Amino acid sequence: MITKMNKAHECYNTRELCQLLKLPRSRYYYQAKVSNKPISDTTNSMIQSMRKISIETGYTYGKRRLKHHLNTKGYQIGIYAVASLMKGANIKAIRPKKRHYYPDTGALHKTTNNLLDHILINKKAIHWVGDITYIKTYQGWSYLASVLDLALRQVVGLCQSILMLN
């Protein structure tokens, strides 16, 4: 319909033509992103080659690797042209997620031994640890400091304070 509007008589303006065809005026000015240009044979062969490379590599090649691979096959093409062809052919590179490795928690450290193993044997209250935490309440912040005995595995002391919000 847009091509019909372009060929209409010069005495009609865009608003009148859009009302006649029952189209919004913004539709007249909209330029479609899909072009009607015919695809050349070399471009079509490049796209087929890109699809073949992507399938062979498990869709891990992006625009840079595909450009390098196409250049070795004899196609003279740049990175941005490869990116636009990939977008047009709906070829997307799948990026593998970075693996997270956890240390072996069952083995002792290679250079030092556990120095607190004797606590479980002696049961002496000579090693204490402390922790401070804060909790948000409706009145403000409540701070809690606690001291734990490692041998007894009990809290031996604590202190609590509340900071009021204005």
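## Briefing: fold, core and surface

Among contacts between residues at least 6 apart in sequence, 30% join residues at least 24 apart. Keep in mind that this is a predicted model. The protein has seven helices and three strands, and along the sequence they run α-α-α-α-α-α-α-β-β-β.

**Overall numbers**

- Of the 166 residues in the protein, 14% count as buried.
- The accessible surface comes to about 14,800 Å², and carbon and sulfur atoms account for 55% of that.

**The largest nonpolar core**

- Twelve residues make up the largest nonpolar core: Met46, Ile47, Met50, Ile53, Leu66, Leu70, Ile77, Val82, Leu85, Met86, Ala89 and Ile91.
- The elements giving two or more residues to this core are α4, α5 (63–72) and α6 (79–89).
- Leaving aside residues up to four places away in sequence, Leu70 touches Met46, Ser49, Met50, Ile53, Tyr75, Ile77 and Val82.

**Ser49, a buried serine**

- Ser49 sits in helix α4, which covers residues 41–56.
- Is Ser49 buried or exposed? Its relative accessible area is 8%, and buried means under 20%, so Ser49 counts as buried.
- Setting aside residues up to four places away in sequence, Ser49 touches Leu70, Lys73 and Tyr75.

- Val129, Leu148, Val155 and Leu158 make a nonpolar surface patch of about 330 Å².
- Val155, one of those four, belongs to strand β3 (residues 154–164).
- Why does Val155 count as partly exposed? Its relative accessibility is 48%, and partly exposed covers the range between the 20% limit for buried and the 50% limit for exposed.

**Cysteines**

- How many disulfides does the structure hold? The number is zero.
- Cys18 is buried, with a relative accessible area of 3%; that value is under the 20% cut-off.
- Cys159, by contrast, has a relative accessible area of 49% and is partly exposed, because exposed would take a value over 50%.

Conventions:
Residues are numbered from 1 along each chain as its sequence is written. This is a predicted model: local features need pLDDT of at least 70, side-chain atom pairs count only at pLDDT 80 or more; totals for chains, interfaces and linings use all residues. Side-chain values use heavy atoms; hydrogens and water are left out. Buried means under 20% relative accessible area, exposed over 50%, partly exposed in between (1.4 Å probe, protein chains only). Contact means heavy atoms within 4.5 Å. Patches are made of residues with over 30% relative accessible area and no salt bridge: like charges are joined within 9 Å, nonpolar side chains (Val, Leu, Ile, Met, Phe, Trp, Tyr) within 5 Å. Accessible areas come from the Shrake-Rupley method with a 1.4 Å probe; for residues, only the protein chains shown count as cover. A salt bridge is a side-chain nitrogen of Lys or Arg within 4 Å of a carboxyl oxygen of Asp or Glu. A nonpolar core is a set of buried Ala, Val, Leu, Ile, Met, Phe, Trp, Tyr and Cys residues joined through side-chain atoms within 4.5 Å. A disulfide is a pair of cysteine sulfur atoms within 2.5 Å.
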